[in-house]
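Subject: Structure for your review

Dear colleague,

I am handing over the structure we spoke about, and my notes on it follow below. Please read them alongside the model.

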Amino acid sequence: MVCFNFNEIKTKKTLIGLGLGQIISLLSTLVSFTASEIARKGISAPTSQSFLGYVSLAIVYGGIMLYRRSTIKVKWYNYFLLAFVDVEANFLVVKAYQNTSMTSVMLLDCWAIPCVLVLTWVFLNTRYRLMKISGVVICIVGVVMVVFSDVHAGDRAGGSNPVKGDFLVIAGASLYAVSNVTEEFLVKNADMIELMSFLGLFGTIIAAIQISIFERGALRDIHWTTEAILLYIGVALALFMFYSLITVLIMINGATMFNLSLLTSDMWAVLIRTFGYHEKVDWLYFLAFATTSTGLIIYSMKEKDQEEHRTAEVVDEEAVQRKLLDEDDEPGT
């Protein structure tokens, strides 16, 4: 029989995870709004929007790493593959804003959650018990309420090519799942500063190459007004804070908690639309926010019988992760 220990909600780790998750969710919403505004201005250069974010990571964390003169704990190509997946995930999702509505993008991002569950179970040997799965289901129910709210209110804009946009989001969300799980593996076996440094470095290089091949014409055609420049700077600052906090949350609570926290970005978007744009919001949004928040809290809590096996599971998970690192260190790899 599964017993729930409600006192666990008071633990420092749980409260930090919930708080960080909502800050990251708000940053994600700000990035989404900014990307949507850039798309509305007819600017079609998706990779360039994340380029400055990678540059800032490389400069800040690379500088810290050089000052510390720390040795590299993980092979460089692991970071290169992570950066490649992350750049393309950002490209696909930002590209989707040119084809479908912001609401559709933020909702379909939820596809990353089942992907993360499967990937962490297969590659990181993470086991999810009944309470964790219940929390995920409740979170997704909250997001479904947002969909019904959009349909009920009739304010869901379709975009120029909704089907294409939706497929782009699903592809991007799948890559985000791979990126998040890889980050969880690396941050637990290497170092946060090292991870951010190489993600920024390789992300900058890959993005620069992609921009030079595919987006040179688009950048030349942009009318660089003060507003456009501020939007790009805003995206860079938000992404820098977003990536910095992601590693902390993943290190404390894992990639699944991070992706579940992003579900409330839809609700933050509602608040911005209500108070920033003075749009009328359907009452179902508030019920959806309460439902999703409840799911997050349930996911964060521990089951009583989980404590009996917690040490063994942690040891097993660390053994699997260490085995993967040892295989990289073998001659000929």
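Contact here means heavy atoms within 4.5 Å. On that basis, and leaving aside neighbours within four places in sequence, Tyr 79 is in contact with Val 74, Leu 186, Ala 190, Glu 194, Leu 195, Phe 198 and Phe 202. Please bear in mind that this is a predicted model.

Tyr 79 is also one of the residues that touch the most other members of the largest nonpolar core, which has 60 residues, the others being Met 196, Leu 199, Tyr 243 and Leu 260. Helix α10, residues 226–253, gives the most to this core, with 10 residues. A second, separate core of 10 residues includes Tyr 97, Val 105, Leu 168 and Val 169.

As for the overall fold, the chain has 14 helices and 0 strands, and buried residues make up 49% of its 333 residues. Among contacts between residues at least 6 apart in sequence, 91% join residues at least 24 apart.

The search of the whole structure finds 4 salt bridges, among them one between Asp 191 and Arg 68, with the closest N and O atoms 3.5 Å apart. Asp 191 lies in the loop between α7 and α8 and Arg 68 in helix α2, so this pair ties together parts that are 123 residues apart in sequence. Asp 191 counts as buried because its relative accessibility is 19%, under the 20% limit, whereas Arg 68, at 42%, is partly exposed.

In another salt bridge, between Glu 184 and Lys 188, the closest N and O atoms are 3.0 Å apart, and the two residues are separated by about one turn of helix α7.

Best regards

Note on methods: Residues numbered from 1 in each chain as written. Predicted model: local features only at pLDDT ≥ 70, side-chain atom pairs only at ≥ 80, totals over all residues. Heavy atoms only, no water. Core = buried A, V, L, I, M, F, W, Y, C linked by side-chain atoms within 4.5 Å. Buried < 20%, exposed > 50% of the residue type's maximum accessible area, 1.4 Å probe, protein only. Helix = DSSP H or I, 4+ residues; strand = E, 2+ residues; numbered from the N terminus. Salt bridge = Lys/Arg side-chain N within 4 Å of Asp/Glu carboxyl O.
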